Amino acid sequence: MKIKDIKEILGAEIICNEEGLEREVYTACGSDMMSDVLAFVKEQAALLTGLVNPQVVRTAEMMDMHCIIFVRGKRPHLDMIEMAEDRDMVMLCTDLEMFTACGKLYAAGLKGGSGK
Amino acid sequence: MDSIKLHYDVPGDDFTRAGAASSDVKRNLKQLGVSPSVIRNVSIAMYEGEINMVIHAGGGNIDVEITEEEIIMILADEGPGIANLELAMKEGYSTAPDNIRCLGFGAGMGLPNIKKYTDDFKIETEVGKGTTLYLKVNLE
């Protein structure tokens, strides 16, 4: 699935790095606990979270994630957006709750960490 | 090739900057052309350690040595030390306070994750003195 597909499915707004929308994403991880995200290793994954602090971007960076989706209408701060731009990450925002956002992406074919 | 040595002082009072050292090491490894899977293992292990330092120990310092065979990381702090290492190594056990959980950490995955992503893991800790992690990731 391309990041632009995620944007469409979630009715999400692009916060930064629009040129990255053509990138492919194979799996996704949804969590507000960055510790749990760090236990999840998959190639080209997207992160869904309702947490807003710079460590979200750091965590995505360490995991080689290129797309962060903020759920529940949360919006990243300016310093986080600058960090994401420096790292070529796409940031999206959706008003959907975590469960609904994950469910819609799963139903559209995006898999979780175990590939199931 | 001579080994490359990097040193970082990790401030303990600035959560927003935590991870800057790990980020810099990641950049260096990328420039050296190290394989993405090795870079990810090093990054995650060091980042977990760096976050731990800030959350639990009031900061510390990190030394990284990159040789032709391996990447060695030594993370040392003078924090409170770990009272029960056996418990701390169990997934899900955490002594992090609620305010840290609100920041997305303290799920009790730190040390187990560090061990999982490294080829060699050694920890020395003493209550009241501090903790030092000796980590090694082999280059493929």
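**Exercise 1.** State the handedness of the crossing of α1(B) and α2(B), and describe the contact.

*Solution.* The crossing of α1(B) and α2(B) is right-handed; a crossing is right-handed if the near helix is turned clockwise from the far one by less than a right angle, and left-handed if anticlockwise. Helices (H or I, at least four residues) and strands (E, at least two) are DSSP runs, numbered from the N terminus. The model is predicted: local features need pLDDT of at least 70 and side-chain atom pairs pLDDT 80 or more, whereas totals for chains, interfaces and linings use all residues. Residues are numbered from 1 along each chain as its sequence is written, and chains are lettered from A and ligands numbered from 1 in the order in which they are written.

Next, the contributing residues are listed. Helix α1(B) supplies B:A21, B:S22, B:V25, B:K26, B:L29 and B:K30, and α2(B) supplies B:I39, B:V42, B:S43, B:M46, B:Y47 and B:E50 (contact: C-beta atoms, placed from the backbone, within 7 Å). By class, 7 of these residues are nonpolar, 2 polar and 3 charged (nonpolar: Ala, Val, Leu, Ile, Met, Phe, Trp, Tyr, Cys and Pro; charged: Asp, Glu, Lys and Arg; polar: the others, Gly among them).

**Exercise 2.** Determine the strand order of the open sheet in chain B and identify what packs on the sheet.

*Solution.* The 5 strands are ordered β1-β2-β3-β5-β4, with antiparallel pairing (two strands pair if DSSP finds at least two bridges between them). Strands β1 (4-11) and β4 (120-126) of chain B lie at the edges with a single partner strand each, so one side of each has no neighbour in the sheet. Within the sheet, β2 (residues 59-66) and β3 (residues 70-77) of chain B pair over 6 bridges in the antiparallel sense.

**Exercise 3.** Which elements of chain B give two or more residues to the side that touches chain A?

*Solution.* The contact takes 19 residues from chain B and 17 residues from chain A. The elements concerned are α1, α2 (36-56) and α5 (110-116) of chain B. Of these, α2(B) gives the most, with 6 residues. The side of chain B has 8 nonpolar, 9 polar and 2 charged residues.

Conventions: Two residues are in contact if their C-beta atoms, placed from the backbone, lie within 7 Å. Axes are lines fitted to C-alpha atoms, for helices over the stretch in contact, and angles run from 0 to 180 degrees between N-to-C directions.
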